[in-house]
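Thanks for making the time this morning.

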Amino acid sequence: MKEFKEISTRLKIAKNKIKKENNDGSNAASLGKALKISTELVASVAVGATIGFILDNWFDTTPLLTICFFFIGVAAGIMNVFKSAKRMQNK
Amino acid sequence: MSLNPMHQFEVYKIGPEINLGGINLSFTNASLFMIISSFLILSLLFFGTKKKSLVPSKIQLITEMSYTFVAKMINDTAGSSAKSFFPFIFTLFMFVLFCNMVGMLPYSFTVTSHIIVTFALAAIVFIGVTIIGFIKHGFKYLELFVPKGVPVVLLPLIVIIEIISYLSRPVSLSVRLFANMMAGHTMLKVFGGFVISLGLLGGWLPLSFSVALTGLEILVAFLQAYVFAILTCIYLNDALNLHH
């Protein structure tokens, strides 16, 4: 019986250690998330502006569609960040 | 020449020039370092799984850890239905990780600091995930662009925004990896240049910076491989389980 108690306390200590290690790992993961979000915001703006530029060349409406799609790209970037933040919160 | 921080990213060909139908297929230093990292991965896995002892040796431990790390990541982010994509994600993670890590060695070449390499990897992921989504759901996959509960007046705008956000995936995936690796290596080289130009008197401060930056760069090298793999898992999850 005494041995059993000893084993259970040792198990508890080991489990706590594992929990602590997992928490340490999430620090690096949150840095990864920060890097992820910052590029997501920029990439959508670039993609939106590029699509606008290509469409402008097609329809000969030079500055108009680039400007429109630039702002749509900004909206898409903000939505991307919003989605990832939501995904993080659900976890 | 050696003080130019961008000199390290130069691609030059090794051996003869090979031209196949107007496409330059010469063997370059980039291809050499890709082969080196693939070879390192293969030898790690070969020697790690050779002697399957119950108490693992160091190399077996590393192999098992990388396996469980990726398996847990897939299970956590993409669910059990993505288990069949384990080989692909494991290969992707190990390749990016080893390319980054081999690039940290002095005199080596960082393959992932070139946008064409990272963009090719991201394009494979993007096209693959799109095909998987269409196979799994048919044309219902296009519902991804139509969120629920949006008023009809706003729908055209929202659909355009969703399509742009979908198209931005490969761009953000490739630019993130490429920019982090290139910026880090340029910074290392710039601080290394400061050590030489400041000489014996003032060179110690930038030297200590460069030691600290090396540590940071190793963290970034691991982190970028991790982020690349985890985003692939998230995109796979979107394709496999449409509404989450």
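This is a predicted model: local features need pLDDT of at least 70, side-chain atom pairs count only at pLDDT 80 or more; totals for chains, interfaces and linings use all residues.

Let me begin with chain B, whose secondary structure comes to six helices and two strands, and which, read along the sequence, runs β-β-α-α-α-α-α-α. Its C-alpha atoms fill a box of roughly 70 × 55 × 45 Å along the principal axes, and of the 244 residues of chain B, 27% count as buried. If we take the contacts in chain B between residues at least 6 apart in sequence, 64% of them join residues at least 24 apart.

Within that chain, I would like to look at one helix pair. Helix α4 of chain B, residues 115–137, and helix α5 of chain B, residues 155–202, have axes that come within 8 Å and cross at roughly 145 degrees, and the crossing is right-handed. On the side of α4(B), the residues making this contact include B:Ile115, B:Phe119 and B:Phe126, while α5(B) contributes, among them, B:Arg169, B:Leu173 and B:Phe178. By class, the contact between α4(B) and α5(B) has ten nonpolar, two polar and one charged residues.

Turning to the two chains together, their contact takes 19 residues from chain A and 15 residues from chain B. On the side of chain A that touches chain B, α1 (2–59) and α2 (62–90) of chain A each supply at least two residues, with α1(A) giving the most, 13 residues. The residues on that side of chain A divide into eleven nonpolar, six polar and two charged.

Conventions: Residues are numbered from 1 along each chain as its sequence is written. Chains are lettered from A and ligands numbered from 1 in the order in which they are written. Two residues are in contact if their C-beta atoms, placed from the backbone, lie within 7 Å. Helices (H or I, at least four residues) and strands (E, at least two) are DSSP runs, numbered from the N terminus. Ala, Val, Leu, Ile, Met, Phe, Trp, Tyr, Cys and Pro count as nonpolar, Asp, Glu, Lys and Arg as charged, and the others, Gly among them, as polar. A residue is buried if 20 or more other C-beta atoms lie within 10 Å of its own, exposed if 12 or fewer, and partly exposed in between; C-beta atoms are placed from the backbone. Axes are lines fitted to C-alpha atoms, for helices over the stretch in contact, and angles run from 0 to 180 degrees between N-to-C directions. A crossing is left-handed if the near helix is turned anticlockwise from the far one by less than a right angle, and right-handed if clockwise.
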